[in-house]
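The sequence and structure are shown first.

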Amino acid sequence: MNFDFSDEQKQLREQARRFLAEKCPPKAVREVLDGKAPYDRALWQGFAEMGFLGVAIPEQYGGAGAGQLELCVLAEEVGRALAPVPFSSTVYLAAEALLMAGSEAQKKKWLPLIAAGDAIGTLALFEGRGQPSPRAIQLSATDGMLSGTKSPVPDGAIANFAVVAARTAASGRDSDIALFLVDLSADGVETKALANLDPSRGQAEIRFANVKAEPLGEASEGWSLVTRLLDRAAVLIGFEQVGGADRALEMGRDYALDRIAFGRPIGSFQAIKHMLADMYVAATLARSNCYYGAWALSTNAAELPEAAAAARISATQAYQHCAKNNIQVHGGMGFTWEFDCHLYYRRANALALALGSQSYWEDQLIERMRQKNAA
């Protein structure tokens, strides 16, 4: 079993890295962080022109028809560059939900728009604090009309449409949850941007007041679809985290080699060596788990639930560890606004809460392994 990427996929990585180095330097990230624009529109259109948005979308819907491994490659580069665009919400969540459960008409309407960069999508799942669960969903669906509030919704203030998880009954069963597709320009939809740790990846509150919605997939399979969607997105978010962790490690290493103290590079001191070594071990372990997750994702393997949870846990730990210690390696300078260390620290902690916290995924991994062993 070969867990490495093919030569073509490595070429895609190099192409994406060159593109992002030119179009998404730290200055571009800071412009979104400090400015009023919710995302980098020029970069988003560049993603579309390069074919990145449609890399995993079949050709009949305007995409490249490549696959999930290519999407994993791109996710890593997006994370490495801190790209301030709604890539994860649109491609990992909305497009994947359409591919998994959308009708032919829904796919033909939205997927070509995503591939062309003309539509931004998102998943409206959470309703305040707490972990993903059927019991946490109170937004109601009655006769195809939605009422309730979702918050936080990734990129919800700029999205054109949303995949919404809603409650259709009160029996307490998982089958009470269904997915719906909502055009966010419809009457009765109200969005409000929320302040968050990483403004380059926006969050919003969306209120639905008797809003017309289209069913997405079988009504009784809504929570099963959510679980599968989160597993698939966990692998892709994991690659973003690995990309960010690697870049934070590189920043710390480069500074340790250049910074001179007491007549020698600080990288020659044992404490700094140990710190960088620990960062490398964490990032390498996360990459190993993410590669296993990529294999399971691309082959729809039965191991995907466990592989996704493992990738999510290790990548979250690695990114937070590397981002924090990158600041420590930089010393007092690392805490200043002028240095780029805090950009990675922000993103690391924001991604740690995406799709549910680390404790949620730890519980998922334990439960899934228990069920597998019991079988």
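## Domain layout

The protein chain is divided into domain 1 (7–86), domain 2 (122–219) and domain 3 (223–374), with bounds taken from an automatic or database domain assignment. Residues are numbered from 1 along each chain as its sequence is written. The model is predicted: local features need pLDDT of at least 70 and side-chain atom pairs pLDDT 80 or more, while totals for chains, interfaces and linings use all residues.

## Interface of domain 2 and domain 3

The C-alpha centres of domain 2 and domain 3 are 28 Å apart. Their contact (heavy atoms within 4.5 Å) involves 18 residues from domain 2 and 16 residues from domain 3. About 1400 Å² is buried between the two domains, 67% of it from carbon and sulfur atoms; buried area is the accessible area (1.4 Å probe) lost on putting two parts together, summed over both. Of the area that domain 2 buries against domain 3, Gln131, Leu197 and Arg201 supply 35%, more than any other three residues.

Two salt bridges are counted between domain 2 and domain 3, the criterion being a side-chain nitrogen of Lys or Arg within 4 Å of a carboxyl oxygen of Asp or Glu. Arginine 201 also forms a salt bridge with glutamate 240, at 3.1 Å from N to O.

## Strand E1

Strands are DSSP runs of E with at least two residues, numbered from the N terminus. Strand E1 (residues 121–124) is covered on both faces: Gly121 and Leu123 on one side, and Thr122 and Ala124 on the other, are all buried (under 20% relative accessible area, 1.4 Å probe, protein chains only).

E1 runs parallel to strand E4 (residues 161–167), joined to it by four bridges; pairing requires at least two DSSP bridges. Threonine 122 has alanine 162 as its bridge partner in E4.

Technical notes. Heavy atoms only, no water. Buried < 20%, exposed > 50% of the residue type's maximum accessible area, 1.4 Å probe, protein only.
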